[in-house]
Amino acid sequence: MSTPALLQLGLFLLVLLALAWPLSSYITRVMQGENPGVLRFLAPLERSLYRIAGIRPDEDMGWRSYAVALLLFNLLGALAIYGLQRLQGILPLNPQALAAVTPDSSFNTAISFITNTNWQGYAGETTMSYLTQMLGLTVQNFLSAATGAAVVIALIRGFARHNAARIGNFWVDVSRFTLYILLPLSLVLALVFTQQGVIQNLLPYQTAHTVEVTQFQQPKLDAKGSPLIGKDGKPVMVDSQTRQQTLPMGPVASQEAIKMLGTNGGGFFNANSAHPFENPTPLSNLLQELAIFLIPAALCLVFGRMVGDRRQGWAILAAMLLMFVTAVVVETSAEQAGVPQLSAMGVDQQASSMQAGGNMEGKESRFGIIDTSLFTVITTAASCGGVVAMHDSLTPVGGLVPTFLMQLGEVVFGGVGSGLYGMLVFAILAVFIAGLMVGRTPEYLGKKIETYEMKMTAITILVTPILVLVLTAIAVSLDAGKAGIANPGAHGFSEILYAFTSAANNNGSAFAGLSANTPFYNIMTAIAMFFGRFLMIVPILAIAGSLAAKKRLAVTSGTLPTHGPLFVVLLIGTVLLVGALNYVPALALGPVVEHLQMVSGH
Amino acid sequence: MLKTLRPALVLFVILSAITGLAYPLLTTGLAQLLFPYQANGSLIEKNGQIIGSQLIGQNFTGTQYFWGRPSATSPQAYHAGSSSGSNLGPTNPAQLDAVKGNLERLRKAHPTQTATVPVDLVTASASGLDPDISVAAAYYQMDRVAAARQMQMARLHKLVDDHIIGETFGLSGEPRVNVLALNLALDGLTAR
């Protein structure tokens with residue numbers, strides 16, 4: 001990896017840690033019910049919210065009630081998004097008069113946004129009205145992130161409390177995380193984005209009179225408006241020209257800010273963060289990268305603070321950082337190396353002071369290779385899924401890295417809350433494995449890990465690989481699945497594997513050549529997203545409830561310390577081992593084969 | 001369940017109103033107040049008519065203009081109402097054919113150019129609306145533009161250099177040239 005790339009990575013990590021540390025202190029205060037500092041002027045709003053809703057904020061819930069409240073709340077979210085999409089044609093704030101979204105796509109998008117996946121089968125600028133973007137998608141960007149945060153806070157309480165029957169109040173956790181953390185951060189970030197050039201308005205799309213006339217071909221339409229098919233079975237094309245360029249508008253910055261802070265990743269436009277109106281400058285790009293990792297990084301430190309041993313939080317963060325940095329190095333090197341077939345044709349892919357070089361297909365000039373690679377690793381290490389480049393056009397190894405990061409279970413920072421709860425489950429597995437090696441009952445943070453916790457751990461660790469591998473196998477076996485493939489050969493398999501990996505792990509990015517807006521993929525990916533989210537959350541809440549009820553054991557000479565380098569290595573080893581065992585065969589059929597084909601010149 | 005329904009419903013409705021209406025509308029108000037130019041799309045106007053956005057690339061094919069990157073939007077290139085990349089994989093024969101086609105077109109248009117072709121000129125951007133090209137890509141086209149405009153090379157070279165946008169903090173992003181801005185400046189010179 002080149003020096004500028006290392007400097008860029010160093011700058012990113014430095015700013016990230018400098019911001020995450022104070023934020024972790026603030027989040028801890030807010031989630032422990034203390035005074036939210038400068039934002040205490042919102043406290044009357046919070047109190048009246050509870051009063052109208054009939055919530056008693058001091059009344060904690062057991063894990064079952066917590067889970068029921070969570071599921072019901074998310075179900076309402078799904079219904080609201082579905083309804084808004086189906087009715088947007090007759091609702092206000094729709095200057096482009098966009099029609100109702102199809103039932104299967106609306107269903108897919110509803111599941112996608114409540115599960116914090118934000119997989120998008122549709123193209124935003126030609127599908128969603130401003131009202132749907134704001135009141136449907138932006139709302140779930142907030143609430144799905146707050147849901148994830150609530151679950152991890154409940155799990156942390158499970159470790160921190162002892163002999164307790166309850167793990168917190170879901171309504172209070174969601175409200176406070178939304179009002180005091182996500183909302184103020186988003187408002188500030190949205191305004192900075194606007195300053196950089198991200199648009200924020202409610203205007204109809206504008207028309208520009210371009211400098212040159214654009215010549216192009218488009219399908220000839222018959223009287224009914226459907227394309228005319230010629231004798232050769234292909235649509236008949238007619239020459240056209242235009243001197244007009246439609247410039248899409250909309251409330252983009254407000255959605256962009258929470259899209260990143262909430263690790264959602266659903267773009268306002270089809271090109272997502274590669275679109276100049278979503279991500280106009282290298283600075284806006286750096287801020288988007290920071291926003292993705294900010295809360296997941298801070299939550300690790302919140303964990304340390306809440307269990308009363310900050311080193312525990314740093315150990316988890318260190319494990320994430322080590323895996324992340326390794327991924328950045330591999331990704332950047334692969335993309336910088338470019339495609340040998342292009343060099344053979346006489347294309348200059350060498351990086352210099354005058355050009356980024358490397359594999360520039362599907363990338364933007366302002367970001368080049370270094371910024372793009374860093375963003376790509378961040379967005380898939382975290383379960384963000386916003387993209388700054390077209391992942392389908394990455395080199396084989398460049399595509400393998402994001403795929404494998406998601407397959408690790410989105411625990412390298414991961415989503416807001418979900419990254420840390422996923423990682424804490426791996427920590428439980430790691431101490432269990434260590435316990436087996438020395439023949440001692442495993443314990444983590446003074447809590448004995450017993451059969452019940454291990455059963456729940458097994459469910460959460462197995463659910464996503466089963467979803468990914470089974471659904472991929474089904475899709476490649478059926479014509480409906482194979483019909484979506486855009487690139488031939490091994491790469492086509494990678495497209496489908498990536499789609500289900502992304503959906504089940506709630507990432508949401510895509511190898512976007514895959515035509516996924518079909519009833520088959522809309523339903524299959526919705527299944528992956530829904531169970532990939534809630535079949536994790538419910539067992540994790542069960543673990544939280546079970547741990548809270550246990551008494552705390554004293555540290556003895558036989559206790560495995562879980563804050564040192566030994567444990568960090570053990571934890572990384574566990575994550576990589578489970579990921580590799582599950583996915584190496586599938587990866588071998590996709591990106592590995594394609595890489596070998598590329599370097600051997602086939 | 002019913003005991004849970006009331007808090008769920010009320011909380012959902014109020015939080016939706018706060019995050020889905022109050023927040024985006026407040027952001028819109030503040031953005032329009034503080035940064036109206038950027039908030040409305042960084043539009044470039046000439047004689048009261050919108051001729052483009054600083055941030056959105058346009059399709060250029062004339063010999064007197066610098067050309068942007070290949071665009072995969074459909075049906076026409078640089079169709080800003082429908083952003084999209086090509087999504088072609090590196091080993092897809094269609095991708096290699098596309099690059100080969102772009103290469104031949106460029107070499108034919110630049111017969112005096114002996115340098116290898118910069119990669120960004122033969123590969124489609126992610127959004128299909130990339131406003132920029134690399135500095136190398138701008139230099140590659142200077143001979144052709146200078147000949148078409150019968151312009152002194154030194155003068156054109158200076159104009160291009162004046163339009164180079166450097167890295168942010170000397171670190172983030174890539175040095176680049178905004179194609180629309182450069183072409184408008186060229187037309188401005190000729191008009192004078």
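Q: Ala, Val, Leu, Ile, Met, Phe, Trp, Tyr, Cys and Pro count as nonpolar, Asp, Glu, Lys and Arg as charged, and the others, Gly among them, as polar; what does that make of the lining of the second largest cavity, by class?
A: Sorted that way, the lining of the second largest cavity comes out as three nonpolar, eleven polar and one charged residues. This is a predicted model, where local features need pLDDT of at least 70 and side-chain atom pairs pLDDT 80 or more, while totals for chains, interfaces and linings use all residues. Residues are numbered from 1 along each chain as its sequence is written, chains are lettered from A and ligands numbered from 1 in written order, and side-chain values use heavy atoms, with hydrogens and water left out.

Q: What makes a space a cavity, and how many turn up in the whole structure?
A: On a 1 Å grid over the protein atoms alone, a cavity is a set of points where a 1.4 Å probe fits but cannot get out. Searching the whole structure for those of 30 Å³ or more gives six cavities.

Q: Which residues line the second largest cavity nearest its centre?
A: Lining residues have an atom within 4 Å of a point. For the second largest cavity there are 15, and A:T210, A:T214, A:Q244, A:Q245 and B:Y78 are the closest to its centre. Strands β1 (206-219) and β2 (237-247) of chain A give two or more residues each, with β2(A) giving the most, five; strands here are DSSP runs (E, at least two residues), and helices are H or I runs of at least four, numbered from the N terminus.

Q: What about the lining of the largest cavity?
A: It has 27 residues, with A:G409, A:E410, A:T464, A:N505 and A:M536 nearest the centre. In chain A, α14 (418-438), α15 (451-477), α18 (519-549) and α19 (565-600) each supply at least two, and α14(A) gives the most, five. By class, this lining has eleven nonpolar, 14 polar and two charged residues.

Q: How do you know how many disulfides there are?
A: A disulfide needs two cysteine sulfur atoms within 2.5 Å, and the count over all chains is zero.

Q: Why is A:C300 called buried?
A: Buried means under 20% relative accessible area (exposed is over 50%, partly exposed in between; 1.4 Å probe, protein chains only). A:C300 has 0% relative accessibility, so it counts as buried. A:C384 is at 0% too, so it is also buried.

Key:
On a 1 Å grid over the protein atoms alone, a cavity is a set of points where a 1.4 Å probe fits but cannot get out, and a pocket is an open set with protein on both sides within 12 Å along at least five of seven lines; lining residues have an atom within 4 Å of a point. Grid points are joined across faces, edges and corners, and a volume is the space filled by probe spheres set on the points. Ala, Val, Leu, Ile, Met, Phe, Trp, Tyr, Cys and Pro count as nonpolar, Asp, Glu, Lys and Arg as charged, and the others, Gly among them, as polar.
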